[in-house]
Amino acid sequence: GYLYALNALTGKLFWYFDPPTVVRHLTENANYVVTGNYSGTLPWINYPSTQPFMQCPGENGAVESDIAFAYSKIYVATYNFCTYGQVVPVNTEGSQVWGVTNLQPDTATANTTIYAIDASTGTVSWSYTMPNIPYRGWLTASNGLIFAGSLDGNIHILDASTGRPVYDVYVGT
């Protein structure tokens, strides 16, 4: 759920963007750039508790889209939602056995914010929020516009310099 700008030659961090609309709960281990702490040995998300948990962002993370780069800006869409789950023992093999059961995404409160980030500084140029629309899609920049595919069946078309909606094209879900 972060956007990083790195020096391509050295890998050194230039800046990172922590979207203010993304709720973070039980993701301290993924927040190591901010905290400076990371534990590669943490057994599970809510360790040592074995009670049901809520994790925000959910299992897909908070950036669930292709990003676009144009007009000296990076366009990124955040997918803000939480997931409920229960830690369980991993005692069988299979692609669906990974230590969590009853995984339930909270799509009822999910929302999306599209950001235009200045590529040189990492500062927000504009943002556009789509309330109640969980986002899994793509962003494309062309001819001064940003095209954003969305789970509501629309292609949302925004002005690339202001973020103002230009038009929605319904193509079906």
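Predicted model: local features only at pLDDT ≥ 70, side-chain atom pairs only at ≥ 80, totals over all residues.
User: Why is the pair of F17 and Y115 called edge-to-face?

Analyst: The ring centres of F17 and Y115 are 5.0 Å apart, and rings pair if their centres lie within 6.5 Å. Their planes stand at 70 degrees, and because planes over 60 degrees apart count as edge-to-face, the pair takes that label.

User: Which elements hold F17 and Y115, and how far apart in sequence are the parts that the pair ties together?

Analyst: F17 belongs to strand β2 (residues 13–17) and Y115 to strand β8 (residues 111–118), so the contact ties together parts that are 98 residues apart in sequence.

User: Are F17 and Y115 buried or exposed, and how do you know?

Analyst: The relative accessible area of F17 is 6% and that of Y115 is 3%; because buried means under 20%, F17 is buried, and Y115 is buried as well.

User: What makes the pair of Y2 and Y4 tilted?

Analyst: The structure holds six aromatic pairs. One of them joins Y2 and Y4, with 6.1 Å centre to centre and 40 degrees between the planes. Since stacked needs planes under 30 degrees apart and edge-to-face needs over 60, the angle of 40 degrees leaves the pair tilted. Y2 and Y4 also form one aromatic cluster with Y16.

User: Why is Y2 called buried, while Y4 is called partly exposed?

Analyst: Y2 has a relative accessible area of 13%, and because the limit for buried is under 20%, Y2 counts as buried. Y4 stands at 34%, and since exposed means over 50% and partly exposed is the range in between, Y4 is placed in that middle class.

User: How do you know that R24 lies over the face of Y2?

Analyst: R24 is at 4.0 Å from the ring centre of Y2, and the distance criterion asks for CZ of Arg within 6 Å of the ring centre. The assignment also requires a position within 35 degrees of the ring normal; R24 is listed as lying over the face of Y2.

User: Why are β4 and β5 said to pair, and where do they stand in the sheet?

Analyst: Three bridges link β4 to strand β5 (residues 73–80) in the antiparallel sense, and because two strands pair if there are at least two bridges between them, the count of three bridges meets the criterion. The open sheet has four strands in the order β4-β5-β8-β9, with antiparallel pairing. Its edge strands are β4 (68–70) and β9 (124–130), each of which pairs on one side only; the twist averages 20 degrees from one strand to the next.

User: Why do S72 and N132 count as exposed?

Analyst: S72 has a relative accessibility of 53% and N132 one of 58%, so the threshold of over 50% is passed by S72 and by N132. S72 lies in the loop between β4 and β5, with phi near 65 degrees, whereas N132 is in the loop between β9 and β10, with phi near 60 degrees.

Notes:
Residues numbered from 1 in each chain as written. Heavy atoms only, no water. Helix = DSSP H or I, 4+ residues; strand = E, 2+ residues; numbered from the N terminus. Axes fitted to C-alpha atoms, helices over the stretch in contact; angles between N-to-C directions. Buried < 20%, exposed > 50% of the residue type's maximum accessible area, 1.4 Å probe, protein only.
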